[in-house]
Amino acid sequence: MARRATGAGGAGGAGRGGVKGARRPELRLPPLEPFGEGELEPDGDYDGLEFREQDLTGQDGAGARFMDCALTGCALDGTRLHHARILDSVLTGLRGVGTDLAEATLRDVELVDARLGGVQLHGAALERVVIRGGKIDYLNLRKARLKDVVFEGCVLVEPDFGGARLERVEFVDCALKGVDLTGVTLAEVDLRQAAELDIARGVDRLSGAVISSGQLLDLAPVLAAQLGIRVEAGA
């Protein structure tokens with residue numbers, strides 16, 4: 001089982017610059033049994049298992065529960081995990097396109113060095129999750145709920161946070177390219193350490209986020225356009 005770890009400012013405390021730091025999971029998995037032959041099953045119950053180099057392409061694990069599990073080097077192309085619950089687990093080196101995790105629950109999870117595209121996480125709930133390294137293209141987090149989530153050292157290409165709620169979320173040394181913040185609600189979101197911050201839509205929804213002075217300068221043209229300000233060279 002995972003022990004609840006505190007963020008930079010302690011549980012509920014003020015972190016760097018007065019921003020409440022995200023609480024991170026500290027995972028200590030028990031001895032694991034290897035996942036045997038067969039495929040994922042809808043509403044399956046997987047407890048204390050290791051999925052190593054499994055080809056889960058196109059399999060249906062909708063509504064399944066993964067507890068104290070490790071998924072390492074697995075292929076998830078078109079894998080259906082709608083409404084799944086992934087708890088106290090470590091996911092390493094996952095790869096695939098079109099993985100369906102819509103309305104899933106991820107709690108006390110580490111996702112490390114993923115290479116994913118078109119992941120469907122709309123309506124999902126993420127709590128105490130660290131996404132570290134790797135690259136995720138076209139991540140769909142529309143209307144998702146993220147609380148105590150850290151994106152660290154990863155590349156997110158055109159992530160869609162439309163209508164989502166983010167609370168105590170940190171972006172550390174990661175690249176956000178073409179992010180969509182349309183209709184998003186932010187609370188204690190720290191963007192200051194993002195390596196790249198490119199907002200395609202929803203720059204008007206940055207209330208509740210903290211950015212650096214350099215990022216403010218980079219975003220000035222987008223903010224001016226949003227406010228209808230025309231900027232011209234002086235006489």
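In which segment is Val 231 found? Val 231 is found in the segment after helix 1 (213-227), where helices (H or I, at least four residues) and strands (E, at least two) are DSSP runs, numbered from the N terminus. The model is predicted, so that local features need pLDDT of at least 70 and side-chain atom pairs count only at pLDDT 80 or more, whereas totals for chains, interfaces and linings use all residues. Residues are numbered from 1 along each chain as its sequence is written, and side-chain values use heavy atoms, with hydrogens and water left out.

Val 231 counts as exposed because its relative accessibility is 67%; buried means under 20% relative accessible area, exposed over 50%, and partly exposed in between (1.4 Å probe, protein chains only). Together with Leu 227 and Ile 229, Val 231 makes a nonpolar surface patch of about 340 Å². Patches are made of residues with over 30% relative accessible area and no salt bridge, like charges being joined within 9 Å and nonpolar side chains (Val, Leu, Ile, Met, Phe, Trp, Tyr) within 5 Å. Accessible areas come from the Shrake-Rupley method with a 1.4 Å probe, and for residues only the protein chains shown count as cover.

Helix 1 itself has a kink of about 50° at Leu 219, shortly before the proline Pro 221. The bend at a residue is the angle between axes fitted to the seven residues ending there and the seven starting there. Leu 219 is also buried, as are Gln 215 and Ala 224 in helix 1. An α-helix has 3.6 residues a turn, so residues three or four places apart point the same way. The cover of the buried residues of helix 1 includes strand 17 (196-201). Helix 1 is followed by Gly 228, whose phi is positive, near 75°.

Salt bridges form a further group of features. Side chains of opposite charge can pair when their charged atoms come close. A salt bridge is a side-chain nitrogen of Lys or Arg within 4 Å of a carboxyl oxygen of Asp or Glu, and the structure holds 16 of them. In one of these, the side chains of Arg 65 and Asp 45 meet at 2.9 Å, N to O. Because Arg 65 lies in strand 6 (residues 65-67) and Asp 45 in strand 4 (residues 45-47), the pair ties together parts that are 20 residues apart in sequence. Arg 65 counts as buried, at 19% relative accessibility, whereas Asp 45 is exposed, with a relative accessible area of 53%.

Arg 52 forms a salt bridge with Glu 50, with the closest N and O atoms 2.9 Å apart. Arg 52 is partly exposed, with a relative accessible area of 47%, and Glu 50 is partly exposed at 22%. In the salt bridge between Asp 137 and Lys 135, the closest N and O atoms are 4.0 Å apart. A network of salt bridges links Arg 23, Asp 148, Glu 167 and Arg 168.

Gly 44 is found in the loop between strand 3 (33-34) and strand 4. This glycine is buried, with a relative accessible area of 9%. Leaving aside neighbours within four places in sequence, Gly 44 is in contact (heavy atoms within 4.5 Å) with Ala 64 and Arg 65. The C-alpha atoms of Gly 44 and Leu 106, which are 62 residues apart along the chain, are separated by 16 Å.

The cysteines were examined next. A disulfide is a covalent bond between the sulfur atoms of two cysteines. With a disulfide taken as a pair of cysteine sulfur atoms within 2.5 Å, the structure holds zero disulfides. Cys 74 is in no disulfide, and the nearest cysteine sulfur, that of Cys 69, is 11 Å away. Cys 74 counts as buried at 0% relative accessibility. The sulfur of Cys 174 lies 4.7 Å from the closest cysteine sulfur, in Cys 154, which is too far for a bond. Cys 174 is buried, with a relative accessible area of 1%.

Backbone angles complete the description. Most residues other than glycine have a negative phi, and most peptide bonds are trans. Asp 88, a residue other than glycine, has a positive phi near 50°. Asp 88 is found in strand 8 (residues 85-92) and counts as buried at 5% relative accessibility. Glu 158 likewise has a positive phi, near 50°. The place of Glu 158 is in the loop between strand 13 (155-157) and strand 14 (165-172), and this residue counts as partly exposed at 44% relative accessibility.
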